[in-house]
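This report describes a single structure. Please look through the sequence and the 3D view before reading on.

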Amino acid sequence: MHNQHPPHLPTQEVQIQRLQQELLQAQRMAALGELVGTTTHEFNNILMTILNYAKLGLRHKDDATRDKALSKIMAAAERAERITSSVLGMARNRNDDFAPTELQPLIEQSLILLEREMQKYRIAIRREFAEAPPVRAIGNQIQQVLLNLMTNARQAMPSGGEMVLSLTHDAEHGMVDLTVRDSGTGIARDQLPKIFDRYFTTKAGPDATGKGGTGVGLSACRDIVEAHQGRIRVESTVGKGTAFTVKLPICTESDQPQAAAAVTQLGVPQ
Ligand SMILES: Nc1ncnc2c1ncn2[C@@H]1O[C@H](COP(=O)(O)OP(=O)(O)OP(=O)(O)O)[C@@H](O)[C@H]1O
Ligand SMILES: [Mg+2]
């Protein structure tokens with residue numbers, strides 16, 4: 001059968017692989033686009049805070065009010081700085097190599113980007129981080145997985161709730177488990193086998209933040225996790241909530257040399 005294939009054309013398998021790569025890239029661009037929307041909105045809020053406290057400080061001549069205004073302005077500006085370094089970190093890190101990756105800072109960076117959105121929907125965030133060794137991962141892609149899972153969790157809790165992020169070390173299997181748990185609607189039993197299918201969605205369309213409804217989020221997560229030789233699994237109870245667990249392999253000795261350089265590149269830009 002292979003003999004019949006014209007030599008100048010890529011095989012079907014290669015074509016499929018390319019298309020899958022392109023879809024992943026498109027999903028990454030869509031996620032970045034959504035973030036631009038979110039962060040622009042947040043910057044507007046921050047500017048409003050700064051303007052209002054600047055006005056307050058100008059109107060009131062007493063030291064106490066001026067000090068208060070200045071420290072509010074300072075806090076708002078510091079928040080803006082954290083957001084820009086997180087977005088820049090994501091945009092500049094084009095390193096698509098596997099490298100030893102600490103998951104905790106990756107989770108924190110993703111949270112900075114979604115913090116305000118979570119507040120808006122009255123979602124409390126709980127962290128349960130155990131000591132865990134670095135995993136062998138492409139940082140950007142795992143961040144993409146995290147943003148997808150966190151956005152799904154948020155959308156499953158339209159009237160608030162709790163999102164728990166946990167890290168555990170599964171020493172027996174040489175993996176680190178990363179769990180995103182929500183106290184949301186849960187997933188019906190008959191839908192559970194379909195949620196990782198491409199284009200499966202129960203959402204009518206993008207929500208007020210412009211997210212959701214294409215049904216590619218979880219299929220991209222699965223593709224990324226599988227390319228990492230990891231696993232993704234879901235547990236859900238209708239009316240109680242859902243937990244997605246991503247298992248990623250711990251770095252082995254042989255991963256170290258190539259990776260040492262990559263770790264330094266991962267730092268947040270100045
Ligand atoms: N945490 C969750 N709680 C409840 N249902 C969920 C959760 N995560 C996923 N789902 C279900 O799985 C479906 C598929 O999720 P997926 O992220 O792939 O697509 P989507 O969120 O609908 O759209 P998008 O591609 O924009 O992310 C969702 O439409 C929803 O029905
Ligand atoms: Mg989604």
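The model is predicted: local features need pLDDT of at least 70 and side-chain atom pairs count only at pLDDT 80 or more, while totals for chains, interfaces and linings use all residues. Residues are numbered from 1 along each chain as its sequence is written, and chains are lettered from A and ligands numbered from 1 in the order in which they are written.

Helices (H or I, at least four residues) and strands (E, at least two) are DSSP runs, numbered from the N terminus. Helix H1 covers residues 12-59, which is 48 residues. The expected span of a helix is 1.5 Å times one less than its number of residues. For H1 this gives 70 Å, and the end C-alpha atoms are 70 Å apart, so the two values agree. Gln27, Leu35, Thr38, Ile46 and Tyr53 of H1 are buried. Buried means that 20 or more other C-beta atoms, placed from the backbone, lie within 10 Å of the residue's own; exposed means 12 or fewer, and partly exposed is in between.

A nonpolar core is a set of buried Ala, Val, Leu, Ile, Met, Phe, Trp, Tyr and Cys residues joined through C-beta atoms within 7 Å. The largest one has 37 residues, of which Val145, Leu146, Leu149, Met150 and Cys221 touch the most other members. Elements that each supply at least two residues of this core include H3 (103-120), E4 (161-170) and E5 (175-182). H4 gives the most, with 7 residues. Beyond its neighbours within four places in sequence, Leu149 is in contact (C-beta atoms, placed from the backbone, within 7 Å) with Val180, Cys221 and Phe244.

Ligand 1 is surrounded by 22 residues (near means a C-beta atom, placed from the backbone, within 6 Å). The closest are Asn152, Ala156, Thr201, Gly217 and Leu218. H4 (139-155) and H5 (217-227) each supply at least two residues of this shell. The shell divides into 7 nonpolar (Ala, Val, Leu, Ile, Met, Phe, Trp, Tyr, Cys, Pro), 2 charged (Asp, Glu, Lys, Arg) and 13 polar residues (the others, Gly among them).

Most residues other than glycine have a negative phi. Two exceptions are listed here.

| Residue | Phi | Place |

Arg122 counts as exposed because it has 12 C-beta neighbours inside 10 Å. Arg233, in strand E6 (residues 231-237), counts as exposed with 12 such neighbours.

How values were computed
Two residues are in contact if their C-beta atoms, placed from the backbone, lie within 7 Å.
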